[in-house]
Amino acid sequence: MTYSHKGKLITFEGCEGVGKSTQIRLLEKYLTDAGVPCLFTREPGGTPVGERVRELLKDENIEMFCETELLLFEAARLENTRRVIIPALEAGKIVVVDRYIDSTTAYQAFGRGVDKDTVDMLNRYGSAGVKIDLTLFLDALPFANTSRQASDRMEKAGEDFHKRVYEGYKAIDSEEARFVSVPTLEDKTATAEYIIGILKTRKII
């Protein structure tokens with residue numbers, strides 16, 4: 001069952017180190033300056049439960065089964081969706097989420113090798129049937145736009161893992177009409193303008 005809402009749900013997706021966080025900050029400034037009612041959140045995170053789960057998932061000193069990792073992501077998602085995202089959508093806001101269900105498909109199904117049907121089912125449950133209006137996929141190879149070193153458990157998962165994640169995103173991109181591939185241009189301002197152009201063309205803003 002799909003949840004109907006007045007607002008618009010925008011998700012940002014991409015591999016590690018492609019400049020996603022920078023583009024989200026620039027979009028937040030643009031919408032805020034323009035007086036557009038909006039809410040920005042992240043996954044895992046966005047709630048006290050989600051932020052605690054985030055710490056656990058990023059801790060490089062903790063080992064866990066890939067299925068455990070999947071369930072932790074979905075638990076954090078359910079909290080964030082029901083406590084933060086749905087109320088904002090009901091209020092008619094544009095909600096922008098730094099990672100959502102497609103991250104779980106790319107990272108846990110393609111990257112970790114968890115059964116995709118299981119991931120799809122849990123994604124539906126964790127997102128409480130909320131419909132994504134637009135997904136902005138920053139299409140670049142892992143760590144393409146950063147010089148920083150991998151610093152947490154997920155970032156240190158290995159080159160082969162991150163290659164599978166990217167291939168997963170490309171597979172989703174080929175199947176989902178809501179997915180829009182965004183080239184990560186050398187000039188971050190130009191990339192931000194490209195994204196704003198997409199939002200206007202899709203009549204999000």
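Lysine 203 lies in the segment after α7 (188-201). Helices (H or I, at least four residues) and strands (E, at least two) are DSSP runs, numbered from the N terminus. The model is a predicted one: local features need pLDDT of at least 70, side-chain atom pairs count only at pLDDT 80 or more, and totals for chains, interfaces and linings use all residues. Residues are numbered from 1 along each chain as its sequence is written, and side-chain values use heavy atoms, with hydrogens and water left out.

Lysine 203 has a positive phi, near 60°, in a residue other than glycine. At 68% relative accessibility, lysine 203 counts as exposed. Here buried means under 20% relative accessible area, exposed over 50%, and partly exposed in between (1.4 Å probe, protein chains only). Arginine 99 also has a positive phi without being glycine; the value is near 80°. This arginine is placed in the loop between β3 and α4. Its relative accessibility is 12%, so arginine 99 counts as buried. Most residues other than glycine have a negative phi, and most peptide bonds are trans. A cis peptide bond joins glutamate 43 and proline 44, with omega at about -15°. Proline 44 sits in the loop between β2 and α2 (48-58).

The sheet is open and has 5 strands, in the order β2-β3-β1-β4-β5, with parallel pairing. β2 (38-42) and β5 stand at the edges with a single partner strand each, so one side of each has no neighbour in the sheet. The twist averages 20° from one strand to the next. Two strands are taken to pair if DSSP finds at least two bridges between them. β2 and β3 pair in the parallel sense over 5 bridges. In this pair, cysteine 38 stands opposite isoleucine 94 in β3.

Strand β1 (residues 8-14) has 6 of its 7 residues buried, so it is largely enclosed by the rest of the structure. It runs parallel to β3 (residues 94-98), joined by 5 bridges. Leucine 9 stands opposite valine 95 in β3. β1 is also parallel to β4 (residues 134-139), again through 5 bridges. There, phenylalanine 12 stands opposite leucine 136 in β4.

Valine 97 lies in strand β3. It is buried, with a relative accessible area of 0%. Contact means heavy atoms within 4.5 Å. Residues up to four places away in sequence aside, valine 97 touches Leu9, Ile10, Thr11, Phe12, Thr41, Glu43 and Ile85. Its C-alpha atom is separated by 8.8 Å from that of isoleucine 24, 73 residues apart along the chain.

Helices cover the sheet at several points. α3 (66-90) lies across β1, β2 and β3, running at about 160° to β2. α6 packs on the sheet and touches β1, β4 and β5; its direction makes about 140° with that of β4. Axes are lines fitted to C-alpha atoms, for helices over the stretch in contact, and angles run from 0 to 180 degrees between N-to-C directions.

Helix α4 (residues 101-111) is mostly covered, with 10 of its 11 residues buried. These buried residues pack against β1, α3, α5 (116-126), β4, α6 (159-175) and β5 (179-183). α3 and α4 pack at an angle of about 175°, with their axes 11 Å apart. That makes α3 roughly antiparallel to α4 (angles under 35 degrees count as roughly parallel, over 145 as roughly antiparallel, 65 to 115 as roughly perpendicular and the rest as oblique). Glu69, Leu70, Phe73, Glu74 and Arg77 of α3 meet Ile101, Thr104 and Gln108 of α4. Glycine 113 follows α4 and has a positive phi, near 90°.

Aspartate 102 is in helix α4. It counts as buried, at 4% relative accessibility. Its side chain makes a polar contact with the side chain of arginine 178 (2.8 Å). A polar contact is a pair of N or O atoms within 3.5 Å; within protein, one must be able to donate a hydrogen and the other to accept it, and residues adjacent in sequence count only if both atoms are side-chain atoms.

A nonpolar core is a set of buried Ala, Val, Leu, Ile, Met, Phe, Trp, Tyr and Cys residues joined through side-chain atoms within 4.5 Å. The largest has 37 residues, of which Ile10, Phe12, Leu27, Leu134, Leu136 and Tyr169 touch the most other members. Its largest share, 5 residues, comes from α6. Another core, of 11 residues, lies apart from it and includes Ile86, Ala88, Val95 and Ile132.
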